[in-house]
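Here is a short note to read beside the model. Keep the sequence and the 3D view open as you go.

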Amino acid sequence: MFFFTSITVTFSKEICEKLRDASIIAQDNSKTFLGVVANSYDSKSIFNEYGSYGSEYSSKSIWNDYGSFGGEYSSYSPFNTYTSTPPMFIKNGQVIGYLSSNKYLEPSISPDLLKALCKDMY
């Protein structure tokens, strides 16, 4: 049991460190900025529940079930398990992966797993 826990913690740290400070950009025509992967005190963080990018009520939040970038039916939402146009992680000007629940799209991580692994890591 301890062995698997150590692997999980190490793997989580690697993922979170790789995605730290990455911008999240929608694949819509405007390439809409959807926040950054940062601690919950950062005003641009997707983990800041009171900020524009972490609030479930904000139009630019992936956590808004009724917005263009949240919910399970929007083609730009990371919660749509069938979309081929989920948000991208951008770091140093390069796409490093996707924020997506589509298990066939790689490299990607689901928003719920990202939140579970990294929200309290920073």
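1. Ground rules. This is a predicted model, in which local features need pLDDT of at least 70, side-chain atom pairs count only at pLDDT 80 or more, and totals for chains, interfaces and linings use all residues. Residues are numbered from 1 along each chain as its sequence is written, and side-chain values use heavy atoms, with hydrogens and water left out.

2. The disulfide. A disulfide is a covalent bond between the sulfur atoms of two cysteines. Here the term needs a pair of cysteine sulfur atoms within 2.5 Å. The structure holds one. Its partners are Cys16 and Cys118, with sulfur atoms 2.0 Å apart. Cys16 sits in helix α1 (residues 2-19) and Cys118 in helix α2 (residues 111-118), so the bond ties together parts that are 102 residues apart in sequence. Helices (H or I, at least four residues) and strands (E, at least two) are DSSP runs, numbered from the N terminus. The torsion about the S-S bond of Cys16 and Cys118 is about -95°, so this disulfide is left-handed.

3. Buried or exposed: which are Cys16 and Cys118? Both are buried. Buried means under 20% relative accessible area, exposed over 50%, and partly exposed in between (1.4 Å probe, protein chains only).

4. The core. A nonpolar core is a set of buried Ala, Val, Leu, Ile, Met, Phe, Trp, Tyr and Cys residues joined through side-chain atoms within 4.5 Å. The largest one has 21 residues, and Val37, Phe89, Ile109 and Leu114 have the most contacts inside it. Helices α1 and α2 each supply at least two residues of this core. Contact means heavy atoms within 4.5 Å. Beyond four places in sequence, Ile109 touches residues including Ile15, Phe89 and Leu114.

5. A serine in a loop. Ser61 is found between β2 (33-36) and β3 (88-91). Ser61 is buried, with a relative accessible area of 0%. A polar atom of the Ser61 side chain lies 2.7 Å from the backbone oxygen of Ser55. Among the residues that Ser61 touches are Tyr53, Phe69 and Gly70.

6. The largest pocket. It is lined by 14 residues, and Ile15, Leu19, Pro107, Ser108 and Ile109 lie nearest its centre. The elements that give two or more residues to this lining are α1, β4 (94-99), β5 (108-109) and α2. The largest share, four residues, comes from α1. A pocket is an open set of points on a 1 Å grid over the protein atoms alone, where a 1.4 Å probe fits, with protein on both sides within 12 Å along at least five of seven lines; lining residues have an atom within 4 Å of a point.

Conventions:
Polar contact = N/O pair within 3.5 Å; in protein donor to acceptor, adjacent residues only side chain to side chain.
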